[in-house]
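Here is a friendly walk through one model, with the sequence and the 3D view to hand. Have a look at both, then read on.

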Amino acid sequence: MNILIYGIGGVGGYFGGKLTQTSHNITFIARGAHLKAIQEKGLEINSFKGDFTAIPDLATDDLNEIPTPDLIILGVKSWQVRGTVIKLKHYVKPETVFLPLQNGAANAEMILEVLPNASVLGGLCRIVSFIDGPGKIKHPHFEPSIIFGELDGRMTDRAKKILEVFNEVNDINVKLVDNIQVEIWKKFLFICTISGFGGLVRVPMGKIRSSDYLFNMMKDTAQEIFKLAKAKGINLTEAHMQSVFEAIQNQGADVTASTQRDIMEGKPSELDNFNGYIVREGKRLGVSVPVNELIYECLKPMEKEARS
C-alpha cells in the first residue's frame, strides 16, 4: 500500500514514523529545514515508549514526485485541511482513502467539500508530541492511540484493511469503531471547551478551576457544544459530559491547550474550526450558543491579525 503522510509534525511525525516500520511504501510531505533533516538522516523520534529513527521511502515537498497514494493520513492543523486537499486533488485516484487525524469536528466535511466523491474516513488521535527541532519529534508522555471508522458506520473491507496496516505497528492502540462521529465529538467536546476559552482568559487550567466564575463559564461553553451535538443527531450522553469534566479536573494546574498557546503567541490557530464552527452551526440549526460566540468574536480580530 502506498501511504502518504501529509504534515510531519507531532501527529504525522509520530504515527508516520511508526508506519515506516511496516512493509508499506511510506511518503512524508514536509518542508524547510525539517524536510532537509529528514532527507539527510531520517526522522528522529524521542519517545518514552522507546526512541527510534524513521526512514521513509520518500520525503519531499513536491507532490509531483509522490506515488499515487492508496491512503492519505492528514497530519496538518484543522484550518489547513481544505487547502491541503485542494493541493492533493490532482494526485489522487477515486479509491484513495483520506484519514484526517487532527482536532475538530468537521474535517471529513471539509475534505468532501473539495472532493465530493472522495473516499473519506472519520478519525482522531490521542497523543502528546511535537517537533523538537529539524528532523526531530518529541513524545514525552501519553499512550498514543488512533480511532477511526466509516462515516456511515459500516464495517467495510477498506477500513478493515487499514486496521490491519496499523496492527503491524507496535505501541499504538488502534480501534475501528462503528460510530466514529460520537468518538470525534467526545474529543471535540473536551478540546473545544478548553481551547478558545483558555485563549480568552490567558491563564492555565489551575487558575480557571480556582475561579468559580471562570469555571462556570467553561461549563456553559461545554453545555452549548453538547446541545449543538444533540441538534446534529450526535448521540452524546451526560456520561460523556461528566467524563470531560473529570479529565479537566485531572489536568495539571499549569496545563494549557495547544490552541490556547497558539492564540497567546499570536500564531494562526484552530479557533475558527472550534468555537467558530460552533457559532456557524448554531446559527444554521437555530441553536443558541452565546458563550461560544463571545469567545469567538473576542478572539477573531487577533486570529485575523495572526493569519495576515
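Trp 185 and Phe 188 sit 3 residues apart in helix α6 (residues 180-201), so about one helical turn separates them. An α-helix has 3.6 residues a turn, so residues three or four places apart point the same way. Helices here (H or I, at least four residues) and strands (E, at least two) are DSSP runs, numbered from the N terminus. Please keep in mind that this is a predicted model, in which local features need pLDDT of at least 70, side-chain atom pairs count only at pLDDT 80 or more, and totals for chains, interfaces and linings use all residues. Residues are numbered from 1 along each chain as its sequence is written, and side-chain values use heavy atoms, with hydrogens and water left out.

The structure holds 8 aromatic pairs. Rings of Phe, Tyr and Trp (its six-membered ring) pair if their centres lie within 6.5 Å; planes under 30 degrees apart count as stacked, over 60 as edge-to-face and the rest as tilted. The rings of Trp 185 and Phe 188 have planes at 80° and centres 5.2 Å apart, so this pair is edge-to-face. Trp 185 is buried at a relative accessible area of 1%, and Phe 188 is buried with a relative accessible area of 1%. Buried means under 20% relative accessible area, exposed over 50%, and partly exposed in between (1.4 Å probe, protein chains only).

Trp 185 also forms a tilted aromatic pair with Tyr 277, at 6.3 Å centre to centre and 50° between the planes. This pair links distant parts of the chain, with Trp 185 in helix α6 and Tyr 277 in helix α11 (residues 275-285), 92 residues apart. Tyr 277 is buried, as is Trp 185. Through ring pairs, Trp 185, Phe 188, Phe 274 and Tyr 277 are linked into a cluster.

Which residues of α11 are buried? They are Asn 275, Gly 276, Tyr 277, Ile 278, Val 279, Glu 281 and Gly 282. Their cover includes α4 (107-114), α6, α8 and α12 (290-307). After α11 comes Gly 286, with a positive phi near 70°.

Helix α1 (residues 10-19) has 9 of its 10 residues buried, so it is largely enclosed by the rest of the structure. Among the buried residues of α1 are Tyr 14, Phe 15, Lys 18 and Leu 19.

Two packed helices are described by the angle between their axes and the distance between the axes. Axes are lines fitted to C-alpha atoms, for helices over the stretch in contact, and angles run from 0 to 180 degrees between N-to-C directions. Helix α8 (residues 212-231) packs with helix α9 (residues 238-250) at an angle of about 145°, with axes 11 Å apart. On the α8 side, the contact is made by Phe 215, Met 218, Lys 219, Ala 222, Gln 223 and Phe 226, and on the α9 side by Glu 238, Met 241, Phe 245, Ile 248 and Gln 249. Contact means heavy atoms within 4.5 Å. These residues divide into 7 nonpolar, 2 polar and 2 charged. Ala, Val, Leu, Ile, Met, Phe, Trp, Tyr, Cys and Pro count as nonpolar, Asp, Glu, Lys and Arg as charged, and the others, Gly among them, as polar.

Helix α3 (residues 81-88) and α4 pack at an angle of about 35°, their axes 9 Å apart. Val 81, Arg 82, Val 85 and Ile 86 of α3 meet Asn 107, Met 110, Ile 111, Glu 113 and Val 114 of α4. By class, the α3 contact with α4 has 6 nonpolar, 1 polar and 2 charged residues.

## Glu 150 and strand β9

Glu 150 lies in strand β9 (residues 136-150) and is buried, with a relative accessible area of 2%. The side chains of Glu 150 and Arg 158 are joined by a polar contact of 2.7 Å. A polar contact is a pair of N or O atoms within 3.5 Å; within protein, one must be able to donate a hydrogen and the other to accept it, and residues adjacent in sequence count only if both atoms are side-chain atoms. Leaving aside residues up to four places away in sequence, Glu 150 touches Val 120, Leu 121, Thr 156, Arg 158, Ala 159 and Ile 180.

Phe 142 is also placed in strand β9. Phe 142 has a positive phi of about 85° although it is not a glycine, and it is partly exposed, with a relative accessible area of 44%.
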